[in-house]
Amino acid sequence: MTQASPPTTAYTETTRSRCEFYRRTCSLPTVIDPATGRITMKAGMVGAIMMPTDLGRRVKNNLEFRGITPLPIIGHPRADMWTFLVRSDIKPIGEPENVARLWEARVVVIREGDIALPSPTPDPLMVRTWVSPAISAFRPSGSVVVHCALGFLPGRNLR
């Protein structure tokens, strides 16, 4: 007589399991916001650079061509923006011309505050997806990402 095995159930990812993955595998200081249930982290050791999707694609392709991978990139489909998670090694951008170029291109450097990460739980108010998922503790240099973005913007690329 053969013994019937219990029915297999599909693995269902939860907000808690995703948050734990971010902490353990990706070394991201994530928490679950008790009020909203969203997965967030405080910028600090990890920073972020947000830019329009078209510019983000060019930056991503250039960095990957140069062997700088994996690139953890969050997509914001409604806003048509991408956010690169980076090391927080970005020095203040001193050249007024470069500050203006980044501002006009809608490039935002996030050094402090909360960064929302994609969650397995649908949230109709805040859609986040992984363009290129965080799969390890590697994050590119924030300075390199900013410099690369500046290289695609009109005007001189000052240091």
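Modeller: Gladly, and let us start with F21, which is partly exposed with a relative accessible area of 33%. Buried means under 20% relative accessible area, exposed over 50%, and partly exposed in between, using a 1.4 Å probe and protein chains only. A word on the source: this is a predicted model, where local features need pLDDT of at least 70 and side-chain atom pairs count only at pLDDT 80 or more, while totals for chains, interfaces and linings use all residues. Residues are numbered from 1 along each chain as its sequence is written, and side-chain values use heavy atoms, leaving out hydrogens and water.

Colleague: Is Y22 buried or exposed?

Modeller: The cut-off for buried is under 20%. Y22 has a relative accessible area of 1%, so Y22 is buried.

Colleague: Which kind of aromatic pair do Y22 and W130 form?

Modeller: Rings of Phe, Tyr and Trp (its six-membered ring) pair if their centres lie within 6.5 Å; planes under 30 degrees apart count as stacked, over 60 as edge-to-face and the rest as tilted. For Y22 and W130, the centres are 6.0 Å apart and the planes are at 70 degrees, and the pair is edge-to-face.

Colleague: How many residues apart are Y22 and W130?

Modeller: Helices (H or I, at least four residues) and strands (E, at least two) are DSSP runs, numbered from the N terminus. Y22 sits in helix α1 (residues 15–24) and W130 in strand β8 (residues 129–132). The pair links distant parts of the chain, 108 residues apart.

Colleague: At what angle do the axes of α2 and α4 cross?

Modeller: Axes are lines fitted to C-alpha atoms, for helices over the stretch in contact, and angles run from 0 to 180 degrees between N-to-C directions. Helix α2 (residues 53–65) and helix α4 (residues 142–152) have axes that come within 9 Å. They cross at roughly 115 degrees.

Colleague: Which residues of α4 make the contact with α2?

Modeller: Contact means heavy atoms within 4.5 Å. On the α2 side we find L55, R58, V59, N62 and L63. The α4 side brings V144, V145, C148, A149 and F152.

Colleague: Which residue in β5 is the bridge partner of M51?

Modeller: Two strands pair if DSSP finds at least two bridges between them. Strand β3 (residues 46–52), with 6 of its 7 residues buried, is joined to strand β5 (residues 81–87) by 7 bridges, and the two run antiparallel. In β5, the partner of M51 is W82.
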